[in-house]
Amino acid sequence: MKKIILCLTICSVLVANDIDFNAALTANYGDSYDFYSYSENRLDLNFFYNDLQGWVQYEYSNPPDVGFPINDIRKFRIEYTLDDFTIKFGDIYEFWGRGLVLNQFDDQITNYDNGTRGLFVGYSNGPLSASHLNGNSNVWLFGSDLRKPYYNNSHNMSGNQIQYEWKSLSLGLTQIQSNEVHQKLFGDDAYVNHKMKGIYGSWLATNIDLFIEYVDKISTEKTDFFQEVAHDSLKKGHGIYGNLNLYLGSWGLSTEYKRYAFDKSHSDFTADDYGNRIELQMMPTLGKEQNSTLLGRVSHNYNFNDERGVQVELNGSLFNRFSVSAQYSHLSRNKDWKSLNPLDWVDKSLDTYLPSSNPSALPYWENYEEISGFILGDNLYFKLGHGSNQEVFKTMRYFDGTQISTIFTESWVKDTTDFYGNMVIDSTMTIDTSFSDPFEVVAKMWQVAKSFTIPMELNYTFDNGYNFGVGFQYQERTKKNISKGNAISYSNSDSSWILINPENPDSSFETHDTQFSLNGEKVNTQYNRMIYVTLSKAPRWSFTITQDWANAFDGPTTVDPYYNPLEALIFGDLKYFTGDRNPTDPPPFIQKKWVSAELAYNLTSSQRISIMYGSIQGGLFCSNGICRLIAPFNDGIKFSYSAIF
Amino acid sequence: MRKYLFTLLFLSKSVMFATDSDLGSKIPDLKLKLLNGQKITIHELLKDGPLMIDFWATWCKPCKKVMKYLDQYHQDYADQGFKVLMINQDTPRSLGKVKSYIRSQNHQFFVGLDPNQKIAQKLNGMVMPTLILIDKGGEIKWRHQGFIPGEEIEIEKQIKLILESQASES
């Protein structure tokens with residue numbers, strides 16, 4: 001059926017004269033020494049015929065970089081507009097307010113696709129607009145495999161939105177209902193019903209604008225065996241987002257506030273924590289969208305279920321030449337937590353609407369400053385930045401309170417007993433139970449990471465069209481487990497924390513245990529450096545060599561399995577070229593370094609081809625608030641081609 | 001082996017297909033919302049003269065480099081009806097900072113919002129930056145993906161070409 005749709009679409013586009021169309025083609029291929037291979041080919045075809053629009057995306061990928069192999073129509077949509085009405089059928093991506101209720105997109109890099117296959121009806125007339133959406137959203141999420149998703153949650157959803165605009169004000173109401181089949185960690189799927197109601201408003205003025213959105217959510221679960229009748233209430237929650245911007249001359253100040261409380265936990269949420277925020281909700285994160293590789297690797301993993309925060313960003317220009325920006329954000333969970341014992345945690349509401357700095361609320365701070373601009377007759381572009389962040393990843397124990405010890409005092413009492421007329425001397429043990437004075441117990445342990453990063457870039461354009469660029473990024477990072485207090489373990493039989501020195505409850509300790517290591521040896525600070533050199537000639541080609549270093553890892557030490565000629569060339573190792581090296585037994589000096597070279601060439605103004613050879617370090621990649629761990633790519637080749645026509 | 005053959009076939013077809021001579025299709029009359037809240041269509045922006053569309057985001061480094069030149073061309077050729085429309089693709093993650101950035105740079109071009117890439121997908125602007133040059137009649141005359149410093153010369157050349165052809169027609 002899908003192939004018939006594709007054939008009909010292509011034939012009609014090619015045959016009909018009055019159909020306008022455009023298309024985009026991307027082909028990506030990669031193959032590495034350690035079997036990281038992929039082949040992805042995608043064709044997007046849009047056509048426009050009077051009031052009718054259509055889109056078909058065909059994909060042949062086996063295997064793709066991430067996701068499942070496919071040789072089929074991946075996406076399609078037909079849109080018809082008649083006066084004030086629009087009807088869409090197929091794969092639909094909508095965005096209401098700032099996404100607290102609905103924000104749909106298809107992100108190929110993180111493999112996050114929360115679009116709805118179904119029907120959309122929209123009405124728009126002057127200040128009034130309304131829309132209805134219903135269909136199925138099938139969302140895949142990653143488990144332990146870095147390339148193939150594991151968890152599947154499907155939503156049979158319907159939603160409505162109405163928006164009215166009056167002068168510089170606008171007001172919107174949103175509503176969504178979804179029946180979800182939720183895949184759990186273990187066991188049968190859960191059947192959950194979600195209901196959301198939202199409201200948003202905005203005000204735009206000359207030097208100020210404001211946006212506020214609120215959503216209220218409730219979920220219920222079918223708990224009976226036959227899943228026919230109802231339902232115990234599962235979870236209730238809400239989300240708030242506000243954005244106030246102020247402008248003065250060539251300066252703009254953006255302030256944001258969020259509080260997402262769809263669930264609560266002192267630790268990470270798993271697939272067994274369901275009934276909370278659903279995948280259709282993709283909300284503002286209040287973190288900097290970084291464009292430097294090293295800063296991207298230390299991104300915060302945002303929590304849409306339980307997180308609040310503030311962000312302030314100042315953008316301006318100096319002397320009408322240089323761009324300046326400074327950003328600060330502080331996020332945390334919505335509650336402070338206390339571990340009564342290692343398994344039993346209780347929460348405490350925060351006193352203010354602001355985020356907490358208490359380690360038990362898993363706080364995160366970041367700031368980033370940057371200056372960039374053109375100098376030397378606009379021939380030299382420069383960028384200099386500074387970013388730092390601090391994050392509490394997890395708390396293993398967090399108790400701070402008073403405790404009373406039970407004191408058992410044994411005493412022996414001499415006694416005489418008349419034993420058939422004989423007086424027998426005996427002794428009896430008595431145990432007196434008393435309680436100590438209350439004393440302070442502190443048993444805390446959490447994991448914290450800190451980093452600072454300096455990205456810089458220089459690009460000089462010569463009058464003959466050549467351009468030479470150098471970029472350098474430097475990063476220092478610590479990650480450690482901090483333990484402090486006067487107790488480190490808990491006695492379940494006594495239901496109390498065990499003091500490290502029972503004789504002296506006041507004696508306390510603090511230890512910092514680094515999580516970085518190299519070949520089993522502890523390393524206090526991880527140093528990451530990245531340098532890239534680019535030579536390009538506009539508008540045809542650009543050639544870039546990149547080298548990435550690390551001195552330690554927060555997991556097993558990575559091993560470069562193969563010594564490739566590019567590495568030998570970069571490190572000036574003549575022995576490689578005289579045949580005195582064994583490529584499958586790389587020398588130590590190429591370890592902990594990743595070198596790659598990439599040539600990009602514009603075949604025409606709308607066709608681009610690029611070839612990369614070498615190695616790329618894996619790590620965290622985040623986009624749209626979704627983070628994905630990318631596996632390393634060792635000693636291989638990547639090829640990509642893109643065209644729009 | 002099949003996958004390599006398919007890739008090769010795909011490429012050879014497309015290289016033949018995607019020559020610049022294939023340009024000339026009409027731009028659809030898509031609706032969009034500008035940064036100042038105004039709603040407009042692409043054809044309305046074409047009323048006075050040619051239009052250059054560029055897709056960008058606040059976190060896109062090459063986009064920011066080319067923006068400086070596009071704003072300059074928007075102002076330099078405004079008297080001939082030329083306009084630049086920058087379609088922003090920031091997601092809610094950074095949407096709140098778009099206006100602040102534009103105001104701070106004092107850019108004069110039109111800025112449209114496309115937070116879930118509806119317009120980008122219809123105009124194949126998913127790669128950033130993607131430049132599309134359209135003549136007054138709505139015909140796409142030039143497309144370009146990416147930005148290498150120095151390409152601003154080629155961009156201005158294409159704008160001048162379209163303006164000259166418009167002047168000779170009138």
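The structure is a predicted model. In this model, 68 residues of chain A are in contact with 55 residues of chain B. The largest nonpolar core has 43 residues, and another core, of 19 residues, lies apart from it.

**Where chain A meets chain B**

- Strand β1 of chain A, residues 20–31, supplies seven residues, the largest share of the side of chain A that touches chain B.
- That side of chain A is made up of 26 nonpolar, 34 polar and eight charged residues.

**Nonpolar cores**

- Within the largest nonpolar core, the residues that touch the most other members are B:M52, B:I53, B:W56, B:L85, B:M86, B:L133 and B:I134.
- Strand β3 of chain B, residues 51–56, gives the most to this core, with five residues.
- Leaving aside residues up to four places away in sequence, B:W56 touches B:C63, B:M67, B:M86, B:N88, B:M128 and B:P129.
- The core of 19 residues includes A:W96, A:V101, A:V215 and A:F304.
- In soluble globular proteins, nonpolar side chains tend to be buried together.

- A:Y398 belongs to strand β21 of chain A, which covers residues 380–403.
- A:Y398 counts as buried because 22 other C-beta atoms lie within 10 Å, where the cut-off for a buried residue is 20 or more.
- Residues up to four places away in sequence aside, A:Y398 touches A:W337, A:K338, A:S339, A:P359, A:S360, A:K444 and A:W446.
- One of these residues, A:P359, is 39 residues from A:Y398 along the chain, and their C-alpha atoms are separated by 8.6 Å.

Conventions
Residues are numbered from 1 along each chain as its sequence is written. Chains are lettered from A and ligands numbered from 1 in the order in which they are written. This is a predicted model: local features need pLDDT of at least 70, side-chain atom pairs count only at pLDDT 80 or more; totals for chains, interfaces and linings use all residues. Two residues are in contact if their C-beta atoms, placed from the backbone, lie within 7 Å. Helices (H or I, at least four residues) and strands (E, at least two) are DSSP runs, numbered from the N terminus. Ala, Val, Leu, Ile, Met, Phe, Trp, Tyr, Cys and Pro count as nonpolar, Asp, Glu, Lys and Arg as charged, and the others, Gly among them, as polar. A nonpolar core is a set of buried Ala, Val, Leu, Ile, Met, Phe, Trp, Tyr and Cys residues joined through C-beta atoms within 7 Å. A residue is buried if 20 or more other C-beta atoms lie within 10 Å of its own, exposed if 12 or fewer, and partly exposed in between; C-beta atoms are placed from the backbone.
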